[in-house]
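These are my notebook entries from looking through one structure. I wrote them in the order in which I looked things up.

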Amino acid sequence: MSTTARIHPTASAVLSSTTKHHLRPPPNAVVFRTNPNSLRRHGTTRTLTVAMAAPLDVCAKASITVPNKLGDCPFCQRVLLTLEEKHLPYDLKLVDLGNKPEWFLKIYPEGKVPVVKLDEKWVADSDIITQALEEKYPDPPLATPPEKASVGSKIFSTFIGFLKSKDAKDGTEEALLNELKSFNDYLTENGPFINGKDVSAADFSLGPKLYHLEIALGHFKDWSIPDSLPYVKSYMKSIFSLDSFVKTSALKEDVIAGWRPKVFG
């Protein structure tokens with residue numbers, strides 16, 4: 001089972017009954033303008049011509065709680081955030097990973113998402129996809145400088161360790177807090193985002209993972225980011241409030257359902 005929604009910069013497409021995606025024209029659109037004073041002086045009329053980029057085909061995880069809704073994959077959201085922030089139109093195909101359709105397995109036999117069609121080839125892995133998008137559509141630039149690209153990269157793995165832990169004294173909570181404190185210290189000197197004042201690719205990788213962290217730990221462990229880490233809390237609030245993030249984030253119910261097997265399995 002799959003669902004397709006076309007996301008185009010000149011119109012809005014309904015992904016669900018409650019969420020709409022609106023995009024501005026992509027930066028590689030060709031716009032022809034003429035001097036309005038010249039038009040009036042010569043009494044002529046010209047038309048405005050815009051050449052739009054063709055929508056990119058994107059396969060992402062479907063919700064398991066609500067039909068025709070985006071699912072809880074942080075790596076899919078990373079790719080969608082990149083497309084949104086680069087103002088690129090895309091056709092979103094939602095895939096039921098519990099019952100993968102034949103057409104999807106023909107596209108990518110391994111059956112993993114996200115997958116994006118670029119230059120007539122299906123490309124998998126969010127690292128590879130986002131890098132390819134940056135190279136093919138460099139404006140606006142979202143690349144994070146190499147020396148900053150790994151900032152906060154250990155938070156997700158330590159979050160998973162703590163979430164799955166059954167022993168309060170095994171050090172997994174401390175490991176997570178150490179990574180969060182390190183990130184807080186970094187933001188204190190270099191924030192508000194990983195690359196300074198502007199969001200970049202590293203934020204679109206880390207942001208969805210922090211979203212999962214907040215929901216999952218809050219639900220399964222009644223745990224939240226401590227007030228002693230104000231820059232992390234401010235960072236999360238800023239990322240989560242981005243229009244692109246709101247449009248591409250999973251339902252809390254899906255995030256909880258997605259992590260439940262890992263907590264109790």
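Entry 1, Glu85. I looked up Glu85 and found it buried, because its relative accessibility is 18% and buried means under 20% relative accessible area, with exposed over 50% and partly exposed in between (1.4 Å probe, protein chains only). The model is predicted, so I note that local features need pLDDT of at least 70 and side-chain atom pairs count only at pLDDT 80 or more, while totals for chains, interfaces and linings use all residues. Residues are numbered from 1 along each chain as its sequence is written, and side-chain values use heavy atoms, leaving out hydrogens and water.

Glu85 lies in helix H2; helices (H or I, at least four residues) and strands (E, at least two) are DSSP runs numbered from the N terminus. I listed what Glu85 touches, not counting residues up to four places away in sequence: Pro140, Leu142, Phe204 and Ser244. Contact here means heavy atoms within 4.5 Å. Pro140 is 55 residues from Glu85 in sequence, and their C-alpha atoms are 7.9 Å apart.

Glu84 counts as buried because its relative accessibility is 5%. Between Glu84 and Ser244 I noted 160 residues in sequence but 5.9 Å in space, C-alpha to C-alpha.

Which residues make the contact of H2 with H7? I began with the geometry: H2 (residues 74–85) and H7 (residues 201–221) pack at about 135°, with their axes 8 Å apart. The axes are lines fitted to C-alpha atoms, for helices over the stretch in contact, and the angles run from 0 to 180 degrees between N-to-C directions. That angle makes H2 oblique to H7, since under 35 degrees counts as roughly parallel, over 145 as roughly antiparallel, 65 to 115 as roughly perpendicular and the rest as oblique. H2 and H7 cross in a right-handed way; a crossing is right-handed if the near helix is turned clockwise from the far one by less than a right angle, and left-handed if anticlockwise.

From H2 I listed Pro74, Phe75, Gln77, Arg78, Leu81 and Glu85, and from H7 Phe204, Ser205, Pro208, Lys209 and His212. I sorted this contact of H2 with H7 into five nonpolar, three polar and three charged residues. In this sorting, Ala, Val, Leu, Ile, Met, Phe, Trp, Tyr, Cys and Pro count as nonpolar, Asp, Glu, Lys and Arg as charged, and the others, Gly among them, as polar.

I followed H7 to helix H8 (residues 230–240), where the two pack at about 105° with axes 10 Å apart. H7 and H8 are therefore roughly perpendicular to each other. Asp203, Leu206, Gly207, Leu210, Tyr211 and Glu214 of H7 meet Tyr235, Met236, Ile239 and Phe240 of H8. I sorted the contact of H7 with H8 into seven nonpolar, one polar and two charged residues.

The axes of H7 and helix H10 (residues 252–264) come within 9 Å and cross at roughly 65°. H7 and H10 are therefore roughly perpendicular, and their crossing is right-handed. On the H7 side I listed Tyr211, His212, Ile215, Ala216, His219 and Phe220; they meet Lys252, Val255, Ile256, Trp259, Arg260, Val263 and Phe264 of H10. This contact of H7 with H10 divides into nine nonpolar, two polar and two charged residues.

Most residues other than glycine have a negative phi, and most peptide bonds are trans. I looked for departures.

- The bond from Val113 to Pro114 is cis, with omega near 5°, and Pro114 sits in the loop between helix H3 (102–107) and strand S8 (115–118).
- The bond from Gly191 to Pro192 is cis too, with omega near 15°; Pro192 is in the loop between helix H6 (172–190) and H7.
- Glu120 has a positive phi near 65° and lies in the loop between S8 and strand S9 (121–124). Glu120 is exposed, at 67% relative accessible area.
- Asp222 has a positive phi of about 50°, and its place is the loop between H7 and H8. Asp222 is exposed, at 71%.

How many helices and strands are in the chain? I counted ten helices and nine strands. Buried residues make up 47% of the 265 residues.
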